[in-house]
Amino acid sequence: MTAPATGPVRRRLTVRGTVQGVGFRPYVHRLAADLALAGFVSNTASGVVIEVEGPPDGVARFCDRLAEQPPPLAAVTAVGLEEVPATGATGSFSIRPSEHTPGRTQLPPDTATCADCLRELADPADRRHRHPFITCTHCGPRFTIATAMPYDRAVTTMAGFPMCPGCAREYGDPADRRFHAQPVACPDCGPRLRLVTAREDGHGDGAGHAARDTDALTAARALLAAGRIVAVKGVGGYHLACDATDPRAVATLRGRKERGGKAFAVMCADLATAERIAVLTGAERAALTGPRRPIVLLRRRSGADGPRLADEVCPGSPHVGVMLPYTPVHTLLFGLPGDPPGPRVLVMTSGNRSGEPIVTDDGEALTRLAGLADAWLAHDRPVASPCDDSLLRVRPDGTEQVLRRSRGYVPRPLSLAVPVRAALAMGGDLKNAPCVGEGDHAWFGPHIGDMGDLAALQAAGRVERQLLRLTGVTPALVAADRHPGYHSSRLARRRAAELRAPEPLFVQHHHAHIASAMAEHGLDGTTPVIGVAFDGTGYGDDGTVWGGEVLLADYAGYRRFARLAPAPLPGGDAGVANPCRLALARLWAAGLPWEPRLPSVTACNPEELAVLKRQLTRQVACVPTSSMGRLFDAVSSLAGVCQRAGYEAQAALELEAAAARAWARETAAYAFGFITGPGPLECDPAPLLRALLTDLRRGTPAPVLAARFHRGVARAVAEICRRARTATGLGTVALSGGVFANGLLEEECTALLAADGFTVLRHGEVPPNDGGLALGQLLVAAHRPPGHRPPTRAAR
């Protein structure tokens, strides 16, 4: 036997994971100093490299504590350990400059201001009292200031702010909380706030109308209290803010932004204020107050004695999107003790015009937000990458469903059960979010939004390039949606040429949805799943509009097992804004008459009805669609809930809100029919529509109609999955697509399927809507052999 070592030993550790930008090197330095060990720690492109030398028991304790007690924001995924020759070093441990070597590490997301920094912010005796950019190793911006890796101040947007002697002293003190905190700054050396007011023509004018620092915040609070609209620059871009309890201010913002009836998110000064406007569960409180600080969809509280939200904040919705302050600027905007009273709840909506990406550049903000804002509260720290607020809902069982994955989540990687080739996936044209992957990890970029204009396409290009820089992925292929008219698909061809990659691989929309759910749940794809993909629009293999699909799918391919029976989509995408027309097209497809007293008929004028009838009869501009999202729109119209949609999914959202009012007491369900034939099983809504019309003639209230429809869809899903299991033996169901952002439907489908013995895969951190599409594209593309091109048309 070899005798145990008694002299000094030296170990080299390579630590991988989220270990840069989280205070990992300072933590290692303090740990080594506590144990009187020598050596060094350094950032590399692969993670953090440590060499530690000392007595064997001390080195062993160091290794144990490193793995068991990492810093709060760190996420260690692997530790490589090797023995190296001892050098005789004693008692000297240092942080070395970063090593620029090949490899990849993980940058953490931006994190909300920590409790220690908030205490200092409010402490008149602290030198950072009221400093709008207070931060430390445990909080603050990371992704939105980083321009390259490995993560150091020189490759962040803080590079232009040289540290003052006080900050440099803290940065170099191993005992200080700001030891090697890259964004460290103070009032003497940090970024500066300024407030710019609008000229009479609505544009910003800094000449003679600007305030700075504390005066800028004081002026901004006063403007908000007076009912004005202020563009506020955060870590990932601008918000448009106004007093959420002031009906005139909210209506003005809604009108200027041309937002229609779409709900605004609000920011509450603190948790107590949030409790006064909404009903919170423990899981919702945890989501609100955690380091990510997303927008959380909450049930509105009625009859509260606290601040009353203006009706225009979220008209017709039982829910309100709430977030808490996550930067020092937000905290100061609500005021500290002793400040004049001001609004305790602010509308905080993305700083953009509807349909455009969030504004990040200060000069651009003065022009693109002209006419929307009365003033601009800006600062001189550049935003390296736009990053909108994340949005989620908490299910009754306490699990989270992310609906928009951005700030607080990006660029945290997702682990993959199967390795993928280095690739860039473009996502879709709505709720666009790109994704890159290589090996066993995938990284989403931040939410970009709809790809309908040049600004969005340019923003997408910047986000993709930033994502590739920070992850170190060099794509060998590009994947995109198969829809030939998508802007994202056309952009994919240009990106492939720029990257010198082969022609893009185009992935069927609903296959990508199901693959996304499979990937999130760690499936390796060796066994197919029953994939229920319900959404509004997706380009089908037969050239029609799909969206009510049940697929037997793995990563390599799929078969269409069932579909919603198709109906004409009059006017194509333009018709989606008119649920009343969709309802009448559904009745026409089902052979049901347009009774004069139907809400959908009375919503149309005689000329509109005549044109629609000719369209349907002659099949002019009437693409067939199997979309479940369009059926929700049609039923919303038939029930008298929504006839004209001012924003995406308005009719379906209002139908869900109506159903919720009757859900607890209404257990009946409308029944679909099923048609078998040589193609996929057809789920026929004609029987459901007949039953709904019968109830409508009896005067049945809209909430009851809506609840019976929701339960009917869920029972149809359960029946189709049972038939698929009988035919194939498969027992796992994946629910994906934007329709499953509907909480009532998702919960009911899950309950019915689980009771029948199915394993149900639901989205959590990856959105069920098109915001999660790119992950599925990535996995499908990785499983296609090089050179493979699927046919553009396939049998139904």
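Me: Are Asp-339 and Arg-221 buried or exposed?
Reply: Asp-339 is buried, and Arg-221 is too. Buried means under 20% relative accessible area, exposed over 50%, partly exposed in between (1.4 Å probe, protein chains only). This is a predicted model: local features need pLDDT of at least 70, side-chain atom pairs count only at pLDDT 80 or more, and totals for chains, interfaces and linings use all residues. Residues are numbered from 1 along each chain as its sequence is written, and side-chain values use heavy atoms, with hydrogens and water left out.

Me: What makes Asp-339 and Arg-221 a salt bridge?
Reply: Their closest N and O atoms are 3.7 Å apart. A salt bridge needs a side-chain nitrogen of Lys or Arg within 4 Å of a carboxyl oxygen of Asp or Glu. So the pair qualifies.

Me: Why does the Asp-339 and Arg-221 pair tie parts together?
Reply: Asp-339 lies in the loop between helix 9 (328-334) and strand 14 (345-350), and Arg-221 in helix 5 (residues 213-225), so the linked parts are 118 residues apart in sequence. Helices (H or I, at least four residues) and strands (E, at least two) are DSSP runs, numbered from the N terminus.

Me: Why is Glu-719 called partly exposed?
Reply: Its relative accessible area is 22%. Glu-719 meets Arg-722 in a salt bridge (3.0 Å, N to O).

Me: What makes strand 4 and strand 5 edge strands?
Reply: The open sheet has the order 4-1-3-2-5. Strand 4 (75-84) and strand 5 (93-95) each have a single partner strand, so one side of each lacks a neighbour in the sheet. Two strands pair if DSSP finds at least two bridges between them.
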